[in-house]
Amino acid sequence: MTAVTTKRPRQALSGRRVREWLIFLAFVLPNVALIAVFIYRPLFQNIYYSTLNWTLGSKFATPVGLGNYRDFFTSGEAGKVLTTTGIFTVATVGLTLALGLGVALALNRRLPGAGFAQATVFAPYILSGYGVGLAWLYIFDPNIGALSAILRDIGLNSPEWINSPPWTLTMVIIVYVWKNLGYAAVVYLAGLQAVPGDLLEAADLDGAGPVRRFFTVTLPLLSPTTFFLMVTTILNSLQAFDLLIAMDKLGRGARTLIFDAYLTGFKEQSQAGYSAMLSTVLFAILVVLTLVQLIVVERRVHYR
Amino acid sequence: MNTSSNLHRSGLILDRRRFLGLSALGISAAALSACGGGPSTSGGGGGASAVEQIDFTGVKPAKEITFWTSNPGDSIKVSTEIVNAFNASQPDITVKLVTAGADYEEIAQKFQTAQTGGDLPDIINLSDVWWFRYKMNDQIIPLDSLFEALEFDTDDYVDSLLGDYLYDDAHWAVPWARSTPLFYYNKDHWKKAGLPEQGPESWEEFGEWKTKLAQASGAKFAFQFPALAGYAGWTLQNNLWGWGGGWSKEESFDITCNSAESVEALSFLKDWVYKDKVAGVAGVDQIQDFAAGVASATVGSTGDLITAITSAKFDVGVAPLPAGPVETEKICPTGGSGVGIPKDISPERQLAAGTFIKFLTEPEQAIKFSEATGYVPIRKSADPAAILKKTPQAQVAIDQLPNTRSQDYARVFLPGGDLEMANHMASILTENKDVQTEMDSLKTALEKIYTDQVKPHV
């Protein structure tokens, strides 16, 4: 092979490649620009704000370096807020997935009215979180709420859902799961319908009962769906806040990380710098969680 | 040409793993996205500066202005009527009414955000605990030069109500939806318990009545504390003052919430919940609970008066807040909200805003507003006959006005002070925490707010 024979095709190739790259850029640049302006710019701006002592609305701020981070992690607030965040996330994700699967199994039978039932189960998911929160607050109100009336009829006292922090957290978890159950159910339903019937039949012929078939065939085959739902519901749970602000006005029971960021930034003392720090901590947690899920969990869920 | 294979070669294939990863990054970043603009870190911000009144000489009012309100006391209907009346009364200025939040906190949040994001209103409904924060942050203007330019009859405003907005020898707002707390009681329960048909003279007297009420009324509570967010810091000032205490010393930033007097006042109340078991705390709204017969008595705002009377199926009694063992004269805090004008809008818009505020708070409109909501008339010359004809109970609120005291600095001048108070009171009244410990902790929190956020500005 001579230098001449290799040089000419290379030149031709590079001309074509330049054109391809230009086309590629023409398609990609507008999107990249939008993402840069509306996602990455605020992201870096937020990290910068987290190093300021800044009252929201004020035109001036004082740089404090990592002072906000130090205050958060040394004041005992981090322990409390992260524990609440952990409880809320684990409870809502666990219950949403478990109950969502249960509902999907019920809806998977070819019964009349299944479509209507699916729509009903899914409906709360598309409602506004704030509105849902307000409506449920009146159901849970320990003095005049519908639930307290039912409990009274069966001789029980209503828990202090609104004023007692552990009960408030429980109430918010229940309503959050109710609202998001439909999403998990619909995704699981799609997963269930993709389970190959021949595998189930084979298991049946081998003498496996319905429970065994579910745990040894259906559930393992649903693991990619479960993984997908886990990622999305964890992300959503960690960012849930409209429901929380409607149901926990003072943030005493359900003060998760994002709710804390809202309360400190927009209510209470309007500490925008401190709030930005909390958002940055949340961002770091989300990145780590996603990486862990992608690296560790993904490897174990696919049956290829 | 095979673009997709090129993409494969350059590693740009977007499989589900990458999609999830990128989504996570995208969603997290979106959650973080703050508003446009931002603060300057060079100079400014510190130290109190002399108040600069705006010179309106030669300024022509803007043609269109916006009025942000949170519709206190369900006032959207009457406010719309007043705005329409203003628009019809003159050809130069058109006011647009905007509901900018469901309560004082929400409207404050929107206003704070608008400072960085633009799109400011021309008139803002500001609550007793927020206006000073706006003043400190240089977000509202002093109104005295407007009073002069537009010839406001400032002497006709109820002195204590206008005086609430006086700081650095300037007025920062005009009273509008102003209220005082009232003692609401269920006359049927009173009758069943054999009590005189009136409110208690002192909290100690009610302390004696509450057991009779609990036994005779059949209600869940003899007394219900108002929902703590928004009310605890405000209404409990009456109890604290009655015992000779307070959140802070009168007209001072000296925090006294953990003094022996303050602790005694709050312990007296806590005993009703945990020792006598005849009182509780409202979850969402004490007036709704009261109207449903849950409690024989509660404390609410004058702004709740019409709602209480119209929604209760029994005869609603209203009385001034009781006195205490030390301050034996009945005394109560003022409250509610006023209207102010943002700083970062043009003088033309500010002048038009002032013109509307003058109209909004004239005696005729003030009475109309009070009649519809129950808020106290803010003008001395306003004739309350129409209100009293419709709602005789409003007389109590009017009579109580001369016995009002401006609120403790710790509540109205410390950003977030009110919510700190609500949180600590929640620990005491709903979690049975020790009063002294909670008040010590509240003092630490309030002093930190003062040192960090207020001291550099005053």
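**Chain B, overall**

I started with the contacts of chain B: among those with a separation of 6 or more, 76% join residues 24 or more positions apart. This is a predicted model, so I looked up the scores next. I noted ipTM 0.82 and pTM 0.84 for the model. Chain B averages a pLDDT of 89, and 90% of its residues score at least 70.

For secondary structure I have 20 helices and 14 strands in chain B. Buried residues make up 53% of its 458 residues. I checked the overall dimensions too: the C-alpha trace of chain B spans about 95 × 60 × 45 Å along its principal axes. A compact globule of 458 residues would have a radius of gyration near 23 Å, and chain B comes out at 25 Å, which agrees.

**Chain B, its two domains**

Domain 1 of chain B takes 64-178 + 335-382, and domain 2 takes 181-333 + 406-457. I get 28 Å between their C-alpha centres. Across the boundary, 18 residues of domain 1 of chain B are in contact with 18 residues of domain 2.

Which elements supply the domain 1 side? I find that helix H5 (131-136), helix H7 (159-163) and strand S13 (335-340) of chain B each give at least two residues to the side touching domain 2. H5(B) has the largest share, three residues. By residue class, I have seven nonpolar, seven polar and four charged on that side of domain 1 of chain B.

**Chain B, helix H4**

At 1.5 Å a residue, its 14 residues should span 20 Å; the end C-alpha atoms are 20 Å apart, so the two agree.

Where do the buried residues of H4(B) pack? I see them against strand S1 (64-69), strand S3 (123-127) and S13 of chain B, together with helix H12 (257-266) of chain A. The buried residues of H4(B) include B:Tyr104, B:Ile107, B:Ala108, B:Phe111 and B:Gln115. B:Glu105, B:Gln109, B:Gln112 and B:Ala114 are on the buried list of H4(B) too. For reference, an α-helix has 3.6 residues a turn, so residues three or four places apart point the same way. Just after H4(B), I found B:Gly118 with a positive phi of about 85°.

**Chain A**

I moved on to chain A, where the mean pLDDT is 89 and 93% of the residues score at least 70. Residues 1-6 of chain A stay under 50, with one contact beyond four places in sequence in the model. The domain assignment gives domain 1 as 3-40 and domain 2 as 69-269 + 278-301. I have 44 Å between the C-alpha centres of those two domains of chain A.

Last, I looked up A:Phe27, which lies in helix H1 (residues 3-49) of chain A. Is A:Phe27 buried or exposed? I count it as exposed because it has 11 C-beta neighbours inside 10 Å, and the cut-off for exposed is 12 or fewer. A:Tyr48 is 21 residues from A:Phe27 in sequence, and their C-alpha atoms are 31 Å apart in space.

Methods: Residues are numbered from 1 along each chain as its sequence is written. Chains are lettered from A and ligands numbered from 1 in the order in which they are written. This is a predicted model: local features need pLDDT of at least 70, side-chain atom pairs count only at pLDDT 80 or more; totals for chains, interfaces and linings use all residues. Domain bounds come from an automatic or database domain assignment. Two residues are in contact if their C-beta atoms, placed from the backbone, lie within 7 Å. Helices (H or I, at least four residues) and strands (E, at least two) are DSSP runs, numbered from the N terminus. Ala, Val, Leu, Ile, Met, Phe, Trp, Tyr, Cys and Pro count as nonpolar, Asp, Glu, Lys and Arg as charged, and the others, Gly among them, as polar. The expected span of a helix is 1.5 Å times one less than its number of residues. A residue is buried if 20 or more other C-beta atoms lie within 10 Å of its own, exposed if 12 or fewer, and partly exposed in between; C-beta atoms are placed from the backbone. pLDDT is the predictor's confidence in each residue, from 0 to 100. The radius of gyration is taken over C-alpha atoms; the globule rule is 2.2 Å times the number of residues to the power 0.38.
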